[in-house]
Amino acid sequence: MLAIGVAGMTMMAGLVLVGVAFVIGGAANSVHNVAVRTMLQREVPAGAHGKVAAIYGSTTSTASILGYITGGLFTPNSAINTYVLGGALGVLAGLAGWLLFAFAKPRCA
């Protein structure tokens, strides 16, 4: 999203650049989905897979809905700014998640 927003802000913006960004973003999304599900299966006890998958799914859906609502507030004024803001927030959320995962202390049962 960030790449699409930045492309739209420059003179180099074009359909090809946006198309390439969508292809790369789609591939990255696929890798992310597989990585998250693999991590959940490795890190979560077998008896809790369903519960954790439900929590992950509902959290992801909630974030998507909030993203659509937020985007709807900005899009009438500037779709490019919406992509830049959404991309920047996505990068920040990814960094926050990485920090949580990297520095979280595992609980012993």
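The following legends describe an overview and several close-up views of a predicted model.

**Figure 1. Overview of the helical chain.** The predicted chain holds 4 helices and 0 strands. Read from the N terminus, its elements follow the order α-α-α-α. Of the 109 residues in the chain, 8% are buried. The chain exposes about 8500 Å², and carbon and sulfur atoms supply 73% of that area. Among contacts between residues at least 6 apart in sequence, 54% join residues at least 24 apart.

**Figure 2. Close-up of the nonpolar surface patch.** Six side chains are shown here: L2, L85, L89, V91, L92 and L95 form a nonpolar patch on the surface. Together these residues have about 500 Å² of accessible area. Helix α4, which spans residues 79–103, contributes the largest share of the patch, with 5 residues. L2 is found in helix α1, which covers residues 2–9. The relative accessible area of L2 is 32%, a value that makes this residue partly exposed.

**Figure 3. Close-up of the aromatic pair W98 and F103.** The structure holds 1 aromatic pair. The ring centres of W98 and F103 lie 6.5 Å apart, and the planes of the two rings stand at 75°. Because this angle is over 60 degrees, the pair of W98 and F103 is edge-to-face. Both W98 and F103 are exposed.

**Figure 4. Close-up of T59 and the backbone of I55.** T59 is found in helix α3, made up of residues 49–74. A polar atom of the T59 side chain lies 2.7 Å from the backbone oxygen of I55. With a relative accessible area of 47%, T59 is partly exposed. This value is not over 50%, so T59 does not count as exposed.

Figure 5. V18 has its place in helix α2, which runs through residues 15–43. In sequence, V18 and G5 are 13 residues apart. In space, the distance from C-alpha to C-alpha between V18 and G5 is 9.0 Å. V18 counts as partly exposed, at 22% relative accessibility.

Technical notes
Residues are numbered from 1 along each chain as its sequence is written. This is a predicted model: local features need pLDDT of at least 70, side-chain atom pairs count only at pLDDT 80 or more; totals for chains, interfaces and linings use all residues. Side-chain values use heavy atoms; hydrogens and water are left out. Rings of Phe, Tyr and Trp (its six-membered ring) pair if their centres lie within 6.5 Å; planes under 30 degrees apart count as stacked, over 60 as edge-to-face and the rest as tilted. Buried means under 20% relative accessible area, exposed over 50%, partly exposed in between (1.4 Å probe, protein chains only). Patches are made of residues with over 30% relative accessible area and no salt bridge: like charges are joined within 9 Å, nonpolar side chains (Val, Leu, Ile, Met, Phe, Trp, Tyr) within 5 Å. Accessible areas come from the Shrake-Rupley method with a 1.4 Å probe; for residues, only the protein chains shown count as cover. A salt bridge is a side-chain nitrogen of Lys or Arg within 4 Å of a carboxyl oxygen of Asp or Glu. Helices (H or I, at least four residues) and strands (E, at least two) are DSSP runs, numbered from the N terminus. A polar contact is a pair of N or O atoms within 3.5 Å; within protein, one must be able to donate a hydrogen and the other to accept it, and residues adjacent in sequence count only if both atoms are side-chain atoms. Contact means heavy atoms within 4.5 Å.
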